[in-house]
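Me: I have a protein model open and would like to go through it step by step. Could you help me read it?

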Amino acid sequence: MKERNPTGESPEKKAAGIAAADLVQDGMVVGLGTGSTTAYTIAELGRRVDEGLDILAVVTSYQSEMLAIQTGITLTSLAEHPNLDIAIDGADQIDKGLNVIKGGGAAHTREKVVSRSAERFVVVADESKYSEQLNHYVPLEVLPYAKEYVSQQVCRIGGKPELRLAARKDGPVITDNGNFVIDASLGTIENPVVTAAILSQVAGVVEHGIFTNVDEVYIGKKDGSVEIMA
Ligand SMILES: O=C(CO)[C@H](O)[C@H](O)COP(=O)(O)O
């Protein structure tokens, strides 16, 4: 599994994150995703807030909440603003049909709710995230009580389940919602909509990391340019 939260700067992620921040205008309510690419979007929005941009934001994780607070973005909640103008978030893999896999940061349940609440859902990523077809493992947020059952069901559909362990703690990763994450390797996902429906039906799976509701993808390139897939 790739290391999370690299300390080094990524020009590709930065280019994508900042370009997507340009979509945000005065008066908007914005969903802020999680991860190192979205961190550039949040930083850019914070910079523009300092210059007078007037927005409200709904966060998707502890990480994005802290970043938004540090940069001076005013927060709101889905309870107060259930309809967002735009959500901007990262991805672990993106296919040619704009289907994505998310949840590398174990935040995909809230990220999915926020993305579904938004009028426009934009994904930001570097070019390493693109693949003709999805073949990345699919993170499943799972009730701890259902860990064994869900693992069995992943095996039954031909997959390989792996409980995600914490990097600097003995034991599993615990999500912001108090659940476990099972990373399900399913090989090449021929039909993301069908696989998403199958995973949604497994009792004990709170949410899976396949997103089929992306409107645009901003891909940052090594030369600093950004390709928009829509
Ligand atoms: O889904 C996510 C968190 O749950 C992230 O958006 C995804 O893992 C991409 O992260 P990064 O921008 O750091 O590569």
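Me: Let's start with strand 6: how many bridges join strand 6 to strand 12?
Reply: Keeping in mind that this is a predicted model, two bridges join strand 6, which covers residues 100-101, to strand 12, and the two strands run antiparallel.

Me: And which residue stands opposite I210 in strand 12?
Reply: That is I101, which faces I210 across the pairing.

Me: What order do the strands have in that sheet?
Reply: The sheet is an open one of three strands in the order 5-6-12, and the pairing is antiparallel. Its edge strands are strand 5 (93-94) and strand 12 (210-211), each of which pairs on one side only.

Me: New topic, the ligand: which residues come nearest?
Reply: There are 17 residues around the ligand, and those that come nearest are G35, T37, G90, G104 and G105. Helix 2 (36-50) and helix 4 (108-117) are the elements that give two or more residues to this shell.

Me: How many of the shell residues are polar, and how many are charged?
Reply: Sorted by class, the shell holds 10 polar residues and four charged ones, together with three nonpolar residues.

Me: Zooming out, how many helices and strands are there?
Reply: The protein has six helices and 14 strands. Its radius of gyration is 17 Å, close to the 17 Å that the globule rule gives for 230 residues, so the protein is as compact as a globular protein of that length.

Me: What share of the residues is buried?
Reply: Of the 230 residues, 47% count as buried.

Conventions. Residues numbered from 1 in each chain as written. Predicted model: local features only at pLDDT ≥ 70, side-chain atom pairs only at ≥ 80, totals over all residues. Helix = DSSP H or I, 4+ residues; strand = E, 2+ residues; numbered from the N terminus. Rg over C-alpha atoms; globule rule 2.2 N^0.38 Å. Buried ≥ 20, exposed ≤ 12 C-beta atoms within 10 Å, placed from the backbone. Near = placed C-beta within 6 Å. Nonpolar A, V, L, I, M, F, W, Y, C, P; charged D, E, K, R; others polar. Pairing = 2+ DSSP bridges.
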